[in-house]
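Hi everyone, thanks for having me. Let me put the structure up on the screen, and then we can walk through it together.

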Amino acid sequence: MVLMEHVSKVYSNKTVALLNVGLEIKKGEFVFVVGPSGAGKSTFIKLLIREDLPTQGRVVVNGQDLATLRPRQIPLLRRTIGVVFQDFRLLPNKTVYDNVAFAMEVVESPRRDIRKRVPAVLDLVGLRQKARAFPAELSGGEQQRVALARAIVNNPALVIADEPTGNLDHETSMGILNLLLEINRMGTTVIMATHARNLVNAAKKRVIALEKGRLVRDDEEASYEITRTAMTAGGRR
Amino acid sequence: MGLRAWEYAIRESAVSIRRNGLMSLAAVSTIGLALLILATFLTLAANLQHMAGYLEAQVEIRAFLRADAAVKVRDETQQAISALPGVTKVTFVSREEALKRLRQQFGEQQGVLDAVEEMNPLPDGFEIKVDQPESVEKVAAAVEKLPGIEKVKYQQGLVQRLFRLTQAVRTLGIALAAALAAATLFIISNTIRLTVFARRREVAIMKLVGATDAFIRRPFFLEGLALGVVGAVVAALAIWLSYSWLVTGISLSLPFIPLVSRQPFLANLSLVLVVLGAIIGAGGTLFSLKRYLKV
């Protein structure tokens, strides 16, 4: 699903955001990307959705080398990826239903499909009853569920969540995590960048740790911190 | 593609025009004003040219026969004129023919001629074309001496001056309109920038979920097109009403000034205005989209 080989990203102001990162994420995996602020998590995600190109190395998503992608092919790549952000990025003047339908409208889906698919997705995230509410009338957790519904409404093969629980309390965060795990169980690959130690520890999934742009750890069924047991038991890939 | 995409774009651009009401109004009025000025100068130029054409018909020499001239005298006179050096063509114009031409020159005001229909006061005559303008005076003098001829008429300098004036008016009009079009582009560009700013969240999300660039641009393009066309329609309406009013007024008080007939002139002019409005509106938008919308 995702392949990075010797990927480095140096911004024009000489900031090294990523340095010689190599990894592979298989179809159907659930992966946490952890690390302190400025470790390169955002750059990592920008490279995956082809918002930026690496200065060195190769990024392959869905079998496509992103460096060889022509500008007009970028929208097609993004239709296979659903993205969720910390600040939800909902349209305040559209209802919950319209926010989700918007993602289908702009990729020019037939109206019949939209009418069928949007209620189904709202059901999945548990917001069927709030379909006619506006984002301002919802709690943070509910807004993030709307954003998640929008991310998956076009049936992407990969869902990327960038600090999706950064603005939410613990209980609500667990709800979002469970939803992402549920989406993953249905076959979608999920990559979640996060600071939330308790979520990572609760999920027991693969953890990729970045520090100052380097990949410092990549463990299966791991926890947030490098523990002694993890150091000895968890092998590097 | 298909209807769905356009439906979305139309809805979005309508919302956007309303949301940026004041800026949209400014854009429409500048486009309207620019096109109205262009239209005014074009109308002026068309009328000057019409007048020049009307007078040009008089550059040639017109010789009028005596009212009592017999057919034999008429034929002899025609042959005599043809034989003069410098003359290239001599055409007989009967008094009925002369009246018919007069009607054409009067265009819409030909009502004033109805009174003279019964008792045509015009004489029979000849139209004489010469090989070069310098010959006019000599030929005219020679023709005047012929026995069958009552009177000779010719004009020249006036026509050339009128043609030069027409040219100047048209050039000035186009230059002014071009300057205003530049101002219009600036205003359109600002309007579009505001629109892009107002819709930056939507645009970011559209890009995120994989909308094509064409899809993202479409509502902005339609907005610019609509502003341009509405401005043009306003200008067309203004020139339509004022020219109609002018023609009516002049044919009543100054019936001998030859004006261009309202139709098809106004219809053609309006078409030109709408096409120009669309080009300015859509072109201005595409130009500014490149700068403000990096998709």
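Which helix gives the most to the lining of the second largest pocket? H7(B) does, with five residues. Please keep in mind as we go that this is a predicted model.

So let's look at that pocket. The space inside the second largest pocket comes to about 560 Å³. There are 25 residues lining it, and those closest to its centre are A:Glu51 and A:Arg78 from chain A, along with B:Ala204, B:Lys207 and B:Leu208 from chain B. What classes of residue are in the lining? Twelve are nonpolar, eleven are charged and two are polar.

Now please turn to a pair of helices in chain A. Helix H3 of chain A covers residues 96-105 and helix H5 of chain A covers residues 140-152; their axes come within 8 Å and cross at roughly 25°. An angle under 35 degrees counts as roughly parallel, so that is how H3(A) and H5(A) lie to each other. The crossing of H3(A) past H5(A) is right-handed.

Which residues make the contact? From H3(A) we have A:Val96, A:Asn99, A:Val100 and A:Ala103, and from H5(A) we have A:Val146, A:Ala149 and A:Arg150. Sorted by class, the residues where H3(A) meets H5(A) are five nonpolar, one polar and one charged.

Definitions and conventions: Residues are numbered from 1 along each chain as its sequence is written. Chains are lettered from A and ligands numbered from 1 in the order in which they are written. This is a predicted model: local features need pLDDT of at least 70, side-chain atom pairs count only at pLDDT 80 or more; totals for chains, interfaces and linings use all residues. Side-chain values use heavy atoms; hydrogens and water are left out. On a 1 Å grid over the protein atoms alone, a cavity is a set of points where a 1.4 Å probe fits but cannot get out, and a pocket is an open set with protein on both sides within 12 Å along at least five of seven lines; lining residues have an atom within 4 Å of a point. Grid points are joined across faces, edges and corners, and a volume is the space filled by probe spheres set on the points. Helices (H or I, at least four residues) and strands (E, at least two) are DSSP runs, numbered from the N terminus. Ala, Val, Leu, Ile, Met, Phe, Trp, Tyr, Cys and Pro count as nonpolar, Asp, Glu, Lys and Arg as charged, and the others, Gly among them, as polar. Axes are lines fitted to C-alpha atoms, for helices over the stretch in contact, and angles run from 0 to 180 degrees between N-to-C directions. Angles under 35 degrees count as roughly parallel, over 145 as roughly antiparallel, 65 to 115 as roughly perpendicular and the rest as oblique. A crossing is left-handed if the near helix is turned anticlockwise from the far one by less than a right angle, and right-handed if clockwise. Contact means heavy atoms within 4.5 Å.
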